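Trainee: I would like to learn how to read a protein model, one feature at a time. Please take me through the one on the screen.

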Amino acid sequence: MIDVNGIEKIVDENKEEAVNFLAKMIQTPSVTGEEKAVGAVCKEMMEGMGLEVKVYEKAPGRPNLVAEWNGNETGKRFVFNGHYDVFPPVSDKPGRYGPWSGEIVDGKMYGRGTVDMKSGLCATIMAVYMLKKMGFEPKGTVVLSCDADEEKGGYYGARYLLEEGLLHGDYGICAEPTAPRYAPEKSGVLITGTGGIRIDIEVYAETCHGAIPHPNINAIEKAEIVMDRIREYAKSIQKERFYEPFGTGPFCSITRIHAGEGEAHNMHPGVCTITVDRRVYPMETAEQAKREMDNLLADLRKENPLIEYSVTYNEVMPKYQLDPESDAVQAALRAYESVTGEPTFLYERPGGCDAHLIVEKYGYAMPTFGPGNEALSCMEDEWVAVSEYLKFIKVYMAMVMELLG
């Protein structure tokens, strides 16, 4: 049973401490790869709550924290997930208060990571803190996971924790921001996201001195032919596989190209590498996307035998699709309405986060649901409403009360 009055009372009584914790996190720079200091702030807070915090590092100075709150009864496991690394600020666009200010103006806290996603992460930690202060005892276990490296794929973060057999559970929440760009006044419960594949295509050609004409075409010129065909393919799947909830079709974007590495500037390059970011939408599979790229390149080679290439596929992110009737999704909807008096909505969007990896590994429902307008993520004047942050502390408390009460 959810004690809404008790939740409101305890959060209101301790809101200054909750806000100060978020401000301290914002004021601690934590660009991806430099998470040591912010990890120490989180660890100190959780240990001060009486939790045992375990530190897992794939590389020195890249801490991932996992803390468990075990109740008096055995039961199910509820996993809170969030990350504390952030994209680097743009040096010539620090924002009106600077990237690490944590300053509050007109009810908004400013700084890098307020939306993506320190407010969500801090709200999960504060939810456990407030529940403990209330004297609530979970019938099971609440897990707090604070990850590094999410912004660069989680190879030193969530992926490493999953390799170690951690983050298993029965349900949970990923606290990434879920107030949509088109309706930023309210956060939805995210149940669908895209998968992604990184495709590296190496195009080969003979090398020769730049002072003489190439006998055929060099690697860059061949790569241009390949890229033209990829752009045609990208336009066709955007149109043919339009997915209404996302407002678009699948993306297939050329994101990097380099050639001539290690060669003199006056040499025709022998290799040109193209990197393609292929997003996999709900109606597709990763295998289908790979097969279509294989066919595209094979057809191009038949048309132009000079096109010599090799291709490498790296599945960067699995798709994310949750059962809307699952316990965690329904509990999130009920918790929001209990706390705010208003219903929220189920939500779908392109993109990915650590929840995709956790759901794929263990299969339990972990909806993504957190404070902040996603359109403000990584912006120079990133901000979160303090009221929204406090509201989600209450929402997360209500979820734990329902599912482990």
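Trainee: Let me start with one residue. Is G153 buried or exposed?

Mentor: Keep in mind that this is a predicted model. Burial is read from relative accessible area, and a residue under 20% counts as buried. G153 has 12%, so it is buried.

Trainee: Where is G153 found?

Mentor: G153 is in the loop between strand 6 (139-147) and helix 5 (158-163). Leaving out residues up to four places away in sequence, G153 touches R159 and L357. G153 and A183 are 30 residues apart in sequence, and their C-alpha atoms are 27 Å apart in space.

Trainee: R159 was one of those contacts. Which ring does R159 lie over?

Mentor: A charged side chain can sit over the face of an aromatic ring, and the reading is a distance to the ring centre. R159 lies over the face of Y155, at 4.4 Å from the ring centre. Another case is K108, which lies over the face of W383 at 4.3 Å from the ring centre.

Trainee: How many aromatic pairs does a search of the whole structure find?

Mentor: The search finds 14 aromatic pairs. To classify a pair, look at the angle between the ring planes: under 30 degrees is stacked and over 60 is edge-to-face. Y243 and F246 have ring centres 4.8 Å apart and planes at 80°, so this pair is edge-to-face. Y362 and Y364 have centres 6.4 Å apart and planes at 20°, so this pair is stacked.

Trainee: Of Y362 and Y364, which counts as buried, and which is partly exposed?

Mentor: Y364 counts as buried, at 5% relative accessibility. Y362 has a relative accessible area of 28% and is partly exposed.

Trainee: Which residues do ring pairs link into a cluster?

Mentor: The cluster consists of F78, F80, Y171, Y336, F369, F392 and Y396.

Trainee: Now the sheets. What order do the strands take in the open sheet of four strands?

Mentor: Strands of a sheet pair through backbone hydrogen bonds, and the pairing is either parallel or antiparallel. In the four-stranded open sheet the order is 11-13-9-14, and the pairing is antiparallel. Strand 11 (252-259) and strand 14 (308-317) are the edge strands, each pairing on one side only. From one strand to the next, the twist averages 20°.

Trainee: Over how many bridges do strand 9 and strand 13 pair?

Mentor: Strand 9 (residues 195-204) and strand 13 (residues 271-280) pair over 10 bridges, in the antiparallel sense. Then look for helix 7 (residues 286-303), which lies across strands 9, 11, 13 and 14 and runs at about 165° to strand 14.

Trainee: What is the order in the open sheet of three strands?

Mentor: The order is 4-5-17, with antiparallel pairing. The edges are strand 4 (104-105) and strand 17 (383-385). Strand 4 pairs with strand 5 (residues 108-110) over two bridges, and V105 has K108 as its bridge partner in strand 5. Helix 2 packs on this sheet, touching strand 4, strand 5 and strand 17, and its direction makes about 25° with that of strand 5. Helix 4 (residues 114-134) lies across strand 5 and strand 17, at about 45° to strand 17.

How values were computed. Residues numbered from 1 in each chain as written. Predicted model: local features only at pLDDT ≥ 70, side-chain atom pairs only at ≥ 80, totals over all residues. Heavy atoms only, no water. Phe/Tyr/Trp six-rings, centres within 6.5 Å; stacked < 30°, edge-to-face > 60°. Buried < 20%, exposed > 50% of the residue type's maximum accessible area, 1.4 Å probe, protein only. Lys NZ or Arg CZ within 6 Å of the ring centre and 35° of its normal. Pairing = 2+ DSSP bridges. Axes fitted to C-alpha atoms, helices over the stretch in contact; angles between N-to-C directions. Contact = heavy atoms within 4.5 Å.
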